[in-house]
Amino acid sequence: MHLAYPAVLAALLFCTGLYGVLARRNAILVLMSVELMLNAVNLNLVAFDVWLRDALHAGQTLTLFTIAIAAAEIGIGLAIVLMVYRNRGSSDVDRLRDTAEGHEPDRSAATGTDHAAGTGTARPEVAA
């Protein structure tokens, strides 16, 4: 077996995962993209282990450690995402600036003034 086939597949998986991390806003999809990147690394480790014919199978052993760490990472990551979703009502990564529970709301939204325009005039209320 040629080494190029699993290497190209791993590169495609890693690039897909990298795109998912950079482009997605949902935290669950970002975690899934990180897992895809870790699986690409695992594929490379096993492919190089087979190609080098290592007697100790260091690549496969390292892959098992990577899988165990990825399982712990996804468990903790999902727990954090669920906690943030319960507290904030959204798992949108772009909207999460700080994770403090007692964060101060935006002053312009609380006072109803338009500070961005610099006028200090009251904004009209929008019906939801």
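The following questions and answers concern a predicted model.

User: How are the planes of the rings of F48 and W51 arranged, stacked or edge-to-face?

Analyst: One aromatic pair is counted in this model. The ring centres of F48 and W51 lie 6.1 Å apart, and their planes meet at 85°. Planes over 60 degrees apart count as edge-to-face, so the arrangement of F48 and W51 is edge-to-face.

User: In which helix do F48 and W51 both lie?

Analyst: F48 and W51 are three residues apart, about one turn of the helix. In general, residues three or four places apart point the same way, because an α-helix has 3.6 residues a turn. The helix that holds both F48 and W51 is α2 (residues 27-52).

User: Is S91 buried or exposed?

Analyst: S91 is located in the loop between α3 (58-88) and α4 (107-111). Buried means under 20% relative accessible area. With a relative accessible area of 16%, S91 is therefore buried.

User: With the side chain of which residue does the side chain of S91 make a polar contact?

Analyst: Leaving aside residues up to four places away in sequence, S91 touches R25, N26, A27, V81 and Y85. One of these contacts is a polar contact between side chains, at 2.8 Å, and the partner of S91 is N26.

User: How far apart are the end C-alpha atoms of α3?

Analyst: Helix α3 has 31 residues, and at 1.5 Å a residue they should span 45 Å.

User: Against which helix do the buried residues of α3 pack?

Analyst: The buried residues of α3 include G59, A70 and V84. The helix against which the buried residues of α3 pack is α2.

Notes. Residues numbered from 1 in each chain as written. Predicted model: local features only at pLDDT ≥ 70, side-chain atom pairs only at ≥ 80, totals over all residues. Heavy atoms only, no water. Phe/Tyr/Trp six-rings, centres within 6.5 Å; stacked < 30°, edge-to-face > 60°. Helix = DSSP H or I, 4+ residues; strand = E, 2+ residues; numbered from the N terminus. Buried < 20%, exposed > 50% of the residue type's maximum accessible area, 1.4 Å probe, protein only. Polar contact = N/O pair within 3.5 Å; in protein donor to acceptor, adjacent residues only side chain to side chain. Contact = heavy atoms within 4.5 Å. Expected span 1.5 Å × (residues − 1).
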